[in-house]
Amino acid sequence: MFEITCPWCGKRAQMEFTYEGDANVARPDDGDEKAFFDYVYLRDNPNGWHDELWQHTAGCRRFLAVRRHITTHEIAGTAAPGKPLPKVLDTGAMK
Amino acid sequence: MSKIIFINAFPPPQTLFKVTQLLEAVVTRYSIFSLARNALTGHKNWTEVWRSPDPKPHYDVIIVGGGGHGLATAYYLAKEHGITNVAVIEKGWLGGGNTGRNTTIVRSNYRLEGNAHFYELSLKLWEGMSQDLNYNVMFSQRGVINLAHNDGAIDAAQRRGNAMRFNGIDSQWLTPAEIKQRVPLLDLTGGGRFPVLGGLIQQRGGTARHDAVAWGYARGADALGVDIIQNCEVTGFVFDGERISGVETTRGRIDAGKVGIAVAGHTSKVAEMAGLRLPIESHVLQAMVSEPVKPCLDTVITSGSGHMYISQSDKGELVFGGDLDFYNSYAQRGNFPRLEQVVQNILTLFPAFSRLRLMRSWGGIMDMTMDGSPIISKTPIPNFYINGGWCYGGFKATPGSGYVFAHTIAQDRPHPTNEALSLNRFETGAVLDEVGVGPFPKLH
């Protein structure tokens, strides 16, 4: 099990959080059908670093952004949604 | 069309001569007689089960991924479509991915038409597989029971059971007493929290020996002329204009007329090399086995309320699993909270298992699609075909998946049974959402 640092509550067990998916998909402003299809269905699904939304469901219930490595589960940092996350050197996919 | 014909080990020389003249390949037919003959010579004269050839510079079809699905595809390409200049390229060893990591359950108890007919085709192929391949896959139709613990679950299960019957698939409702008679160790009170109010059984469902499926298809495909190339990773695709014309591998470039990928768990990564972005997230699913015990569970029990599924292997181990870890992962291992939750689910319904020691647990990577159903399809790229998105359920689909994927590749159009499993169904809105939760992969 890994631990996630909630920006408001501090370091807590991952069990307290609910995964909410890719943080970089954004709802399109206009009604373009292709853009909406991309937003609803298509994902990069990388096996390296991934920005994602979690909700602290068993805590403050707020959403947070997490930069996590999908293969090692290492967490580079967390932030309030929309706020900058720490830079990571290895942005490439793992073998 | 080439045919696969087996001969007994050590036949009279004149027979061998005639047979080799007629056939492309000759393999030892497995039988009680070949077993007895080889026992007399200390089992030192068995021939290799498949060759390990060097890759040729060109194949008519290259299948990326040497799991059950890829090997079945190659087998049916050769057997049903006469395409034998085929290579299966595998980065590790045969069946080392999800083929070797599942809980071996086979069933076709689906509600939606697009899924039901596909999985039923697959189940029918399972029923003849050991004979067809002359390889014992230990398919055991011991029944699969879905328990219902509340009124809503009863309604949903009976509705699904009726839908199955309309589609010509067997299903039967069992009362709690009937379930207790079949599964004496099941606690019908469910610890007070999950009482067993009934269950839907598909008697033709059951379990099979997972590795044997990969090995049996590998042997069958090899005998028909398919080259199986292990320890060879595809690192990129070669394009000729818009169409794919080959693959780059760790053993060099190999040209191909057509390329199909069957790499579930990593479909997004391989498709990305071809420039495709898919409606898939990768998640880890754990499974585990107890220490082996004497026969105590002769059917498959599943429960949707806490989500668990359990059966007993022929070695005596209880094999079980439950939900995903519920966050994207490419790590082929899971975390303890989920393992604990799955075990709690099992013990709620089978308190007698609480004294068993857990022997092993492991994880496999699931392609979780946006509607929970698989993708066997042409793609926007000419000569490039995708088989993936198997979510929790790829193992049972192995033969049907290979059968219709081979058709899709050979004919460049889907088999009627996988028309509904197209990649473009997300764009057209014709999604196959069996449980109706929407585009949230972890919830399927």
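Visitor: How many salt bridges does the structure hold over all chains?
Guide: It holds 24 of them, counted over all chains. Keep in mind that this is a predicted model.

Visitor: What lets side chains pair like that in the first place?
Guide: Side chains of opposite charge can pair when their charged atoms come close.

Visitor: Okay, show me one. Which residue does Arg425(B) meet in a salt bridge?
Guide: Its partner is Asp371(B), with N to O at 2.7 Å. Arg425(B) sits in helix H11 of chain B, while Asp371(B) is in the loop between E18 and strand E19 (375–378) of chain B, so the pair ties together parts that are 54 residues apart in sequence.

Visitor: And are those two, Arg425(B) and Asp371(B), buried or exposed?
Guide: Both Arg425(B) and Asp371(B) are buried.

Visitor: Which residues do salt bridges with shared partners join into one network?
Guide: That network is made of Glu120(B), Lys124(B), Glu127(B), Asp170(B) and Arg204(B). One of its links is Lys124(B) with Glu120(B), at 3.9 Å from N to O. Those two are four residues apart in helix H4 (residues 113–133) of chain B, so about one helical turn separates them.

Visitor: Is Glu120(B) buried or exposed?
Guide: Glu120(B) counts as buried, because its relative accessibility is 5% and the cut-off for buried is under 20%.

Visitor: Let's switch to strands. What does strand E3 of chain B pair with?
Guide: Strand E3 (residues 58–64) pairs in the parallel sense with strand E13 (residues 252–262) of chain B, over six bridges. E3(B) also runs parallel to strand E4 (residues 86–89) of chain B, joined by four bridges.

Visitor: Which residues face each other there?
Guide: His58(B) stands opposite Asp255(B) in E13(B), and Val61(B) has Val86(B) as its bridge partner in E4(B). Asp255(B) turns up in a salt bridge too, with Arg253(B), where the closest N and O atoms are 3.0 Å apart. Asp255(B) is partly exposed, at 26% relative accessible area.

Visitor: How much of E3(B) is covered?
Guide: Mostly covered, I'd say: five of its seven residues are buried.

Visitor: What do E3(B) and E4(B) make together with helix H3?
Guide: They make a right-handed β-α-β unit, with helix H3 (residues 68–81) of chain B as the helix in it.

Visitor: What about the sheet with eight strands, in which order do they come?
Guide: The order is E7-E8-E6-E15-E16-E17-E14-E18 in chain B, as an open sheet with mixed pairing. Strand E7 (172–174) and strand E18 (358–369) stand at the edges with a single partner strand each, so one side of each has no neighbour in the sheet. From one strand to the next, the twist averages 25°.

Visitor: Pick a pair inside that sheet. How many bridges join E6 to E15?
Guide: Four, between strand E6 (residues 144–148) and strand E15 (residues 300–303) of chain B, which run parallel. Asn146(B) stands opposite Thr302(B) there.

Visitor: And what about Leu358(B), where does that lie?
Guide: Leu358(B) lies in strand E18 of chain B and is partly exposed, at 38% relative accessibility. Leu358(B) and Ser290(B) are 68 residues apart in sequence, yet 4.3 Å apart in space, C-alpha to C-alpha.

Visitor: Last one: which residues make the nonpolar surface patch?
Guide: Val435(B), Val437(B), Phe440(B) and Leu443(B) make a patch of about 350 Å². Phe440(B) is found in the segment after helix H11 (425–428) of chain B, and is partly exposed with a relative accessible area of 46%.

Key. Residues are numbered from 1 along each chain as its sequence is written. Chains are lettered from A and ligands numbered from 1 in the order in which they are written. This is a predicted model: local features need pLDDT of at least 70, side-chain atom pairs count only at pLDDT 80 or more; totals for chains, interfaces and linings use all residues. Side-chain values use heavy atoms; hydrogens and water are left out. Buried means under 20% relative accessible area, exposed over 50%, partly exposed in between (1.4 Å probe, protein chains only). Two strands pair if DSSP finds at least two bridges between them. A crossover is right-handed if, with the strands pointing away from the viewer, the path from the first strand over the helix to the second runs clockwise. Patches are made of residues with over 30% relative accessible area and no salt bridge: like charges are joined within 9 Å, nonpolar side chains (Val, Leu, Ile, Met, Phe, Trp, Tyr) within 5 Å. Accessible areas come from the Shrake-Rupley method with a 1.4 Å probe; for residues, only the protein chains shown count as cover. A salt bridge is a side-chain nitrogen of Lys or Arg within 4 Å of a carboxyl oxygen of Asp or Glu. Axes are lines fitted to C-alpha atoms, for helices over the stretch in contact, and angles run from 0 to 180 degrees between N-to-C directions.
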